[in-house]
Amino acid sequence: MERKHMSAFALYQSITTSDSPPAKKPFLQGAGKKKKKKENGVSKMNKPNLKSEGKKMKKKQQKEIKREETPETELTEEGAGVSGDGEDLSDLLTDLSQVHNSRERASRLFQWLISPVPAKTFFKETWEKKPILVQRKNPHYYKGLFSTAEFDRILRQEDVQYGVNLDVTSYVNGKRETHNPPGRALPFTVWDFYESGCSLRMLNPQAFSSTVWNVLSILQEQFGSMAGANVYLTPPGTQGFAPHYDDIEAFVVQLEGKKHWRVYNPRTEDEVLPVFSSPNFDQADIGKPILEVVLEAGDLLYFPRGFIHQGDCLPDAHSLHITISSFQKNSWGDLLQKLVPAALEVAMEEDVEFRQGLPLDYLTYMGVQNSDKNDPRRTKFFSRIESLMKKLANFAPVDAAVDQKARDFLHDCLPPKLTAEELASSVQGAPVRWERGQVTDVCAQITEQTRVRLLRAGCARLCSDGDGVLVYYTTDNSRVYHKEEPKSFEIETEHTDAVEFLIHSYPKFVTVGSLPCDSEEDKVLLAELLFKRGIIQTAEPL
């Protein structure tokens with residue numbers, strides 16, 4: 001007998017624990033029919049009845065869509081992952097926690113994400129160049145990353161706010177709409193929207209899911225750039241978003257159900273690797289897709305920024321996928337935006353040629369109104385500009401500009417999700433505690449014989465602000481993007497060599513006594529400071 005499709009909503013009803021029962025479906029449907037009214041002066045939205053319209057739109061898709069191979073697309077099938085066929089992600093993360101170099105840990109996790117495509121081949125031939133599709137015929141490959149059950153748990157237990165953590169969207173008859181009411185997103189209303197045919201987008205699942213947080217905090221070391229994520233839950237026979245392109249490298253990970261995807265080339269050279277995401281496009285604007293495929297659970301689709309894409313659900317299944325993103329504003333141009341103004345400031349201080357005055361009459365022959373003039377003074381003016389631009393490179397403080405980018409990256413970063421070993425040997429697992437009415441184990445101290453290292457390879461960085469030297473670090477960051485200011489503290493100039501020594505020694509442990517400080521006391525004091533900030537761990541628990 002053919003298995004009847006069970007909707008996502010029915011799944012939630014079947015797995016929700018008895019202490020938090022879901023609202024009954026008939027009541028939700030009735031709630032969806034309420035007319036628009038005002039509550040405390042705020043207009044309440046009618047919930048769109050999109051399901052019937054969506055089914056009509058998808059009747060033509062009863063047959064599964066065949067994908068079309070193109071030169072721009074690599075297709076790989078039935079890949080076996082690093083974690084083994086069907087192994088739960090939690091088992092993989094447990095194995096990775098035994099890898100003592102966080103860079104190696106990030107490399108292995110990324111290889112699992114795109115397996116069986118070799119990471120070296122991916123970055124050489126595919127990254128920023130073209131889409132790639134991995135079809136595994138293994139619905140359990142990404143098991144444990146996220147689920148509809150987790151989505152429902154978050155709605156019930158966490159403070160999820162419309163527009164901040166969750167978007168309710170629809171795309172019908174070429175029109176994209178957002179249906180966010182004000183306030184907290186509670187299951188009663190959210191699942192009512194879903195049953196009415198709306199898509200749900202969770203904007204920062206890493207703030208609520210420890211597994212997503214763990215995965216992204218590891219991967220950010222692979223990219224050298226913030227790794228973020230959105231989760232998308234779409235009802236059968238509907239579409240939540242219009243065709244568009246993004247300003248990030250996107251890894252679409254299909255977790256449940258299936259989704260029909262179409263990917264299109266950038267329309268012009270100007271839209272290759274764009275700086276900003278696009279507005280919504282009409283179908284007539286984007287031409288024919290270079291890739292059309294139905295992603296099923298366990299499949300992966302990657303496309304670079306600038307590639308237009310759209311996804312819709314077939315009539316017989318819902319879809320849950322997570323898009324892992326990276327490399328936003330991480331181009332050469334973004335670096336030069338920091339470098340060129342700094343170079344110009346230095347050049348004007350050190351080279352009189354940059355301080356010499358403009359010609360008295362330059363306004364009479366330069367500018368748009370004079371651009372068609374055949375005036376030899378214009379040729380001379382452009383020649384002078386070219387000469388100054390060439391000289392400007394000699395004054396470029398490249399390392400300082402890179403440090404500015406690094407500070408931005410460290411501010412963007414998620415804090416590390418500590419392994420059991422890291423927890424036991426870092427400040428978060430220090431034995432000091434309250435017991436029997438008093439504080440105990442305060443005597444646990446760092447000595448010159450204590451062996452230490454950075455907690456993670458990229459968790460701290462030395463930077464100069466011109467007046468002093470600061471250590472920027474990620475270990476106190478929030479799981480919510482930019483919820484807090486960048487974390488940094490100033491250190492004594494004589495301690496910079498010791499911090500550099502620790503950074504470059506990773507992943508090896510070194511004794512506190514080997515730190516290049518002026519005195520034994522300074523070595524211990526510096527180690528204690530870094531330990532209290534959560535930047536270093538000890539080889540053995542204190």
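The model is predicted. Strand β18 spans residues 469-473 and is mostly covered. It pairs with β17 and with β19, both in the antiparallel sense.

**Strand β18**
- Five of the five residues in β18 are buried.
- Val469, Val471 and Tyr473 point one way from the strand, while Leu470 and Tyr472 point the other way.
- In a regular strand, side chains alternate between the two faces of the sheet.
- Residues on either side of β18 are buried, including Val471 and Tyr472.

**Pairing with β17**
- Strand β17 covers residues 460-464 and runs antiparallel to β18, with five bridges between them.
- Cys463 has Leu470 in β18 as its bridge partner.
- The two strands, β17 and β18, form a hairpin, and four residues lie between them.
- Gly466 sits in that turn and has a positive phi of about 100°.

**Pairing with β19**
- Strand β19 covers residues 487-491 and is joined to β18 by five bridges.
- Lys487 in β19 stands opposite Tyr473.

**Cysteines**
- The count of disulfides comes to zero.
- Cys413 is in no disulfide, and the nearest cysteine sulfur, that of Cys459, is 9.9 Å away.
- A disulfide needs two cysteine sulfur atoms within 2.5 Å.
- Cys413 counts as buried because its relative accessibility is 4%, and the cut-off for buried is under 20%.
- Cys463 has 3% relative accessibility, so Cys463 also counts as buried.

Key: Residues numbered from 1 in each chain as written. Predicted model: local features only at pLDDT ≥ 70, side-chain atom pairs only at ≥ 80, totals over all residues. Heavy atoms only, no water. Buried < 20%, exposed > 50% of the residue type's maximum accessible area, 1.4 Å probe, protein only. Pairing = 2+ DSSP bridges.
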